[in-house]
Amino acid sequence: MTSPVAIMPRPLTHKDCAGLHWRSPSDFGFVDHVPSVLVGASELSSVTLEMPWYFAQANGKWHALAPLCSDAGLKFNHVPFLLRMYPFTLLPDTGSFVLGIWQDPDCIGETGHPIYDGAQLHPRLEPVANAFSRFVKGLDALRKIGAALHEAGILQPTPQQASDTGQLFQTDEDALRALPADTLSELAKSGALGAAYAQLLSRTQLKRTARPKVASQPQNTPVTREEDRAFLDALTDDLLEGAELKPGALAP
């Protein structure tokens with residue numbers, strides 16, 4: 001019996017992808033090879049109210065990560081950005097990110113929409129590149145926040161690890177309460193304090209986390225307190241204010 005071929009992502013370059021076409025997935029079966037997704041500041045509010053997310057560190061940089069569990073197939077009101085954009089994704093590249101694609105034969109092949117038009121990305125993909133650019137801004141905001149929370153000593157390792165990134169970290173509520181007033185004030189100004197509380201809140205969604213098996217539709221979900229949503233929406237606005245993206249970070 002032939003073993004299934006592992007589906008992996010690769011950078012989206014003209015050399016490798018000229019002549020290829022892409023198609024949107026017909027359902028969410030592809031999450032079987034997506035163990036976790038990065039979370040950006042722009043979707044922090046929605047993700048916090050849907051599933052637990054954690055801080056993780058790679059190559060000395062912090063990021064927010066939502067693991068996808070492998071048990072029952074629940075659906076979500078909000079599907080994380082990197083799942084909505086499949087088969088396109090982000091790949092780390094010398095401190096920044098490049099646009100990539102999952103080498104999924106159900107979505108990449110000889111039929112569908114062309115990826116390249118001559119030597120340039122097809123104009124149809126311009127909104128995709130723009131969306132990823134905005135998403136990267138949110139990743140940078142959470143990178144700075146993770147570093148600030150780690151320096152303040154309020155991130156603790158979790159019992160579990162992510163298969164693709166290793167150790168996960170969560171807010172230590174006791175350490176957070178013990179911080180001096182001046183440190184709390186600095187964390188509040190940067191948005192880090194709000195993110196720390198958001199991480200705590202996200203863990204209340206732990207029992208609802210699962211891999212969606214079909215296209216997401218609104219489901220019967222626990223009632224969300226309006227004060228929670230208002231707090232998270234304000235936090236998202238604060239995190240994105242003044243965010244910068246380095247030129248060429250998503251160059252194909």
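How many bridges join strand 1 to strand 7, and in which sense do the two strands run? Keep in mind on this tour that the model is predicted.

**Stop 1: strand 1 and strand 7**

Select residues 9-11, which form strand 1, together with residues 96-102, which form strand 7. The two strands run antiparallel and are joined by three bridges. To find one of these pairings, pick arginine 10 and look across to isoleucine 101, its bridge partner in strand 7.

**Stop 2: strand 6**

Pick leucine 90, and you will find leucine 99 of strand 7 opposite. Then go to the hairpin of strand 6 and strand 7, where two residues lie between the strands. Threonine 94 in this hairpin takes a positive phi near 45 degrees.

**Stop 3**

Six of its seven residues are buried, so strand 7 is largely enclosed by the rest of the structure.

**Stop 4: helix 4 and helix 7**

Next, select residues 126-151 for helix 4 and residues 192-202 for helix 7. Their axes are 9 Å apart, and the helices pack at an angle of about 85 degrees. An angle from 65 to 115 degrees counts as roughly perpendicular, and helix 4 and helix 7 are therefore roughly perpendicular to each other.

To see the contact itself, display Ile145, Ala148 and Leu149 on helix 4, then Ala192, Ala195 and Ala196 on helix 7, which they meet. By class, this contact has six nonpolar residues, with no polar and no charged ones.

Conventions
Residues are numbered from 1 along each chain as its sequence is written. This is a predicted model: local features need pLDDT of at least 70, side-chain atom pairs count only at pLDDT 80 or more; totals for chains, interfaces and linings use all residues. Side-chain values use heavy atoms; hydrogens and water are left out. Axes are lines fitted to C-alpha atoms, for helices over the stretch in contact, and angles run from 0 to 180 degrees between N-to-C directions. Helices (H or I, at least four residues) and strands (E, at least two) are DSSP runs, numbered from the N terminus. Angles under 35 degrees count as roughly parallel, over 145 as roughly antiparallel, 65 to 115 as roughly perpendicular and the rest as oblique. Contact means heavy atoms within 4.5 Å. Ala, Val, Leu, Ile, Met, Phe, Trp, Tyr, Cys and Pro count as nonpolar, Asp, Glu, Lys and Arg as charged, and the others, Gly among them, as polar. Buried means under 20% relative accessible area, exposed over 50%, partly exposed in between (1.4 Å probe, protein chains only). Two strands pair if DSSP finds at least two bridges between them.
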